[in-house]
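Thanks, everyone. Let's get the structure up on the screen and walk through it.

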Amino acid sequence: MTQQKGADYWTKRISDQEMPALCSTVRDLEQLAKDDVSSLALLGRSVMHDNALTSRILRVANSAIYNKGINQVSTVSRAAVVLGFDTIRNICLTAKLLTSLLENKHLSEGVYQRLLKLMAQSFQAAMLARMMMSDKGESLREEVFIASLLYRIGESAFWSMGGELTEQLDKKLLKIEDKITQNSLIRAELGTSFVQLTQSIARSWGLGEVLLKSLAQPDERMPEIRCIFLADKLSEIISQPKVNAEELHKRLSQAAEMLDISVDEFTEKFIGCSEITHKLAIEYGAKAIVTYLPHTADVLEHIDSPIEPTEIRQTNQGYQLSKLRQLTHYAVVKTDFNHIMHTTLEGMLTGVGLDRCGVLLLSPSRKLLQPRVMMGDGAELLKQAFVIELDDPQSVFTQCIGQKKSLWVNAPTSNECKVQIDDELVERFSQNGFLLAPLCIGHKVLGLFYADRQGSGRHFEQQDFDSFTHFSELANVCFKVSMT
């Protein structure tokens, strides 16, 4: 067991040895005076030598989320004039934080995945808290955003250090489900809790009274403190593999009550905020966390109306159109591969009215198809079944890859896109047939889209096949743009 070192030791180590550049930038940004002349000069000076950071700041500042005007800004100081000093300062701080934590190449896979999940959760919480304070002034709204983003900075900074201690603690925590036991283990290993470490870093780096108060008095009824607390809780709940429906409804009700709106209205705002969060993470260059940002609409839909295998998803053309519009946007604006993939599968599952669907990727040797993402009823079982060897040139999977076109397996009639086969493979996946489409970047096939209606026992119609093909083809256009 590690010698008891405590919050002061870890704060000093993180500040002086592990993340001195971030510590220095954060202190500079937090200490800037509020007068226009000196603040803008110091702000520009703090980032001017980092071209990559400046580029990210300007990309965010010029995004549709922040810049509502027509004219693009080309300097950080001009962005501060257009958007307001507090907004641009916090964009700088957010960009620096994400860059510093995401660019740690020496972390083990397990620790890095833990860090990504934590950062995604913090970013989602910050966006949610900012949305909840939308009727307040810019200064307070931005202060709440940063306080929420840094609400778990102690935990994030610890994992970002890497090394033997983080790897051992990560493995131990994976074996424990109970939160109380996990916290006891953390205290034993570090000599402090992550909350205490965050408080220590917040004081040392001068991160402001709002963050310190939200950590010390999370039950405080002040709107800004309440927003930070509820945003963090909602983000934590929605990020779990198995969402606690009772706890989620409790926090949604509390947030709605605080804003004096209905739960349904707040839920709509929550979903809208989640969609914006995905887009903004990409603008910040933080594509690595996008995979870990929950698709709130889907999570809430399954919580409110659990879909049993006997419940049937009907074709929803409105939902199809919504997702096709998103993909059309991605075909113009470069978007993360995983985000394109998830949007496509969501459109197929709910829009086309499938029981399940997924993406199978080719192995490096191109001799195996392996599951990347599966959605719908029995998705995990399907994921286990889907390791396909491509040793038979007559296999429908091999044909789809080779021909680079969609296939409707065991359709009522036959043509070049409708294949009739009778073997164990079809029985293994769906007795009523299934749909396949190539996943391509340019002329290179990387894998396949798959869809079936095995659970409900329904057959596909021509319109279903056409819609499935439309989604896959538009997704491939987006993939090509994402890689250029």
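I'll start at a turn. Look at the hairpin of strand 1 and strand 2, which has five residues between the strands. In that hairpin, R366 takes a positive phi near 60°. Keep in mind that this is a predicted model.

Now the strands themselves. Strand 1 covers residues 356–362. Strand 2 covers residues 368–376. They pair in the antiparallel sense, over seven bridges. For a landmark, find G358: it stands opposite M374 in strand 2.

Strand 1 has another partner. Six bridges join strand 1 to strand 7, and these two also run antiparallel. The landmark here is C357, which stands opposite A451 in strand 7.

So how much of strand 1 is buried? Seven of its seven residues are. Take the two faces in turn. R356, G358, L360 and L362 point one way. C357, V359 and L361 point the other way. Both sets are buried. Note that R356, an arginine, is in the buried set.

Stay with strand 7 for a moment, because Y450 lies in it and pairs with F434 in strand 6. Strand 6 is residues 434–441, and strand 7 is residues 444–452. The ring pair is tilted: 5.2 Å centre to centre, 40° between the planes. F434 and Y450 are 16 residues apart in sequence, so the pair ties together parts of two strands.

On to the aromatics in general. A search of the whole structure finds eleven aromatic pairs. One of them is F123 with Y284. That pair is edge-to-face, with 5.9 Å between centres and 90° between the planes. Where do the two residues sit? F123 is in helix 7, residues 109–132. Y284 is in the loop between helix 16 and helix 17. The two are 161 residues apart, and the pair links distant parts of the chain. On burial, F123 comes out at 0% relative accessible area, which counts as buried. Y284 is at 1%, and also counts as buried.

Last stop: a cluster. Y9, W10, F158, W159 and F194 form one aromatic cluster. W159 has a further neighbour. R114 lies over the face of W159, at 5.0 Å from the ring centre.

Conventions:
Residues are numbered from 1 along each chain as its sequence is written. This is a predicted model: local features need pLDDT of at least 70, side-chain atom pairs count only at pLDDT 80 or more; totals for chains, interfaces and linings use all residues. Side-chain values use heavy atoms; hydrogens and water are left out. Rings of Phe, Tyr and Trp (its six-membered ring) pair if their centres lie within 6.5 Å; planes under 30 degrees apart count as stacked, over 60 as edge-to-face and the rest as tilted. Helices (H or I, at least four residues) and strands (E, at least two) are DSSP runs, numbered from the N terminus. Buried means under 20% relative accessible area, exposed over 50%, partly exposed in between (1.4 Å probe, protein chains only). A charge sits over a ring if NZ of Lys or CZ of Arg is within 6 Å of the ring centre and within 35 degrees of the ring normal. Two strands pair if DSSP finds at least two bridges between them.
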